[in-house]
Amino acid sequence: MTEANDSTRVMFYAHFNKFGRVDDYVVYQLEQMRRLFDKVVMISNSPVCEADEKRLAGVTDKLIQRKNLGYDFAAWRDGMDDFGWDTLVKCEQLTLMNDTCFGPLFDFGAIFDQMQSRGADFWGMTTNIALTDVLLDSRGRVTFAPTHLQSYFMTFNQNVVQSEAFRHFWASIEDFADVLDVITNYEIRLTELLAENGFTYDSFFDAPGFWGMTQLDKTQVDISAQSTGDMAKYNPGYTCCRPLWLLETVDTYPFIKTKAIRVVPAQWPGLREFIIKHTDYPVQLIDTYIGARYFDLWKEKDDDVEFLLHTRAYRLGRALLGPLRFVKRTVAPRPSHTGS
């Protein structure tokens with residue numbers, strides 16, 4: 001890694017794929033982001049094969065492979081430690097991103113410049129309204145989750161990176177085994193911590209400002225119409241529960257959470273139509289993701305495979321991608337593992 005200077009922009013990109021693959025949408029995403037950064041470091045929490053390493057060589061400056069411990073926050077921690085804090089503090093900006101979104105759907109350079117021009121010390125794409133009385137971690141209920149930037153994309157200016165609060169935060173990162181512990185201890189606390197230390201923040205879509213609410217409780221995020229599955233408009237999971245609403249409401253909002261399609265596959269046809277009509281994003285990247293994912297789940301032959309073959313998600317994937325992507329086969333019975 002070459003020496004950084006005050007004009008350097010660096011991005012640490014956290015990646016994980018349970019099937020040991022680097023999806024095409026990830027390579028495309030890195031290609032688009034590469035134009036904005038002087039250094040791009042990818043930290044993968046899953047193995048990367050030689051063929052994928054070659055694909056990544058043109059869109060990253062370094063690939064770090066590690067065990068899947070601590071999720072994206074531990075991956076970013078290790079990326080920063082490898083890069084070197086003496087070098088990192090000389091950089092103009094530090095961006096943290098992960099692979100949990102498709103996109104960018106629109107010119108991200110214009111979005112980046114717009115957010116930088118607002119003058120905040122750090123910023124992200126979306127915020128949550130503060131929540132009370134919500135179950136958040138593996139150990140039980142916490143009473144308050146402050147307003148915070150969602151962590152799939154965050155940019156920090158040099159004054160933040162040079163601060164003792166920022167460096168101490170990353171030194172404290174543990175390799176939690178439960179993702180809810182990561183969210184509770186790190187994602188929802190980082191914004192509050194930096195704000196308490198005098199730093200200002202902003203987001204491309206500010207949920208509290210948009211809805212005119214700074215805080216709500218559990219009763220306000222229940223399902224508003226169970227017959228249709230519509231979520232209450234203040235639901236903190238709007239990026240996954242209401243992705244089409246977000247795209248239609250926020251001009252040039254650039255991402256779709258992969259979880260939005262994995263958890264509610266029925267959302268994909270409407271999202272697909274929006275992408276084709278309003279963006280230049282290659283929609284086949286998401287088609288391929290859906291097909292590859294469900295084919296891999298089918299091949300796993302686990303206890304859920306028979307159920308999977310009858311789900312709406314599987315039928316949707318098959319309808320979108322055609323029968324050739326789904327090789328017909330008979331699910332073999334699982335062998336008995338009785339002890340001797």
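## The second largest pocket

The second largest pocket is lined by Y28, Q32, R35, L36, P104, L105, F106, D107, F108, G109, D280 and Y281. The elements giving two or more residues to this lining are α1 (24-34) and α5 (108-117). About 160 Å³ of space lies in this pocket. A pocket is an open set of points on a 1 Å grid over the protein atoms alone, with protein on both sides within 12 Å along at least five of seven lines, and lining residues have an atom within 4 Å of a point.

## Basis of the description

This is a predicted model, in which local features need pLDDT of at least 70 and side-chain atom pairs count only at pLDDT 80 or more, while totals for chains, interfaces and linings use all residues. Residues are numbered from 1 along each chain as its sequence is written, and side-chain values use heavy atoms, with hydrogens and water left out.

## Helices α3 and α7

Two packed helices are described by the angle and the distance between their axes. The axes of α3 (residues 71-83) and α7 (residues 164-171) cross at roughly 115° and come within 9 Å; such angles run from 0 to 180 degrees between N-to-C directions. From α3, the residues F73, W76, R77 and M80 make the contact, and from α7, F166, F169 and W170; contact means heavy atoms within 4.5 Å.

## Residue T155

T155 is placed in strand β10 (residues 153-157); a strand is a DSSP run (E) of at least two residues, and a helix one (H or I) of at least four. Because its relative accessible area is 0%, T155 counts as buried, a term that means under 20% with a 1.4 Å probe and protein chains only.

Key. Buried < 20%, exposed > 50% of the residue type's maximum accessible area, 1.4 Å probe, protein only. 1 Å grid on protein atoms, 1.4 Å probe; cavity = no way out; pocket = protein on both sides within 12 Å on 5 of 7 lines; lining within 4 Å. Points joined across faces, edges and corners; volume = space filled by probe spheres on them.
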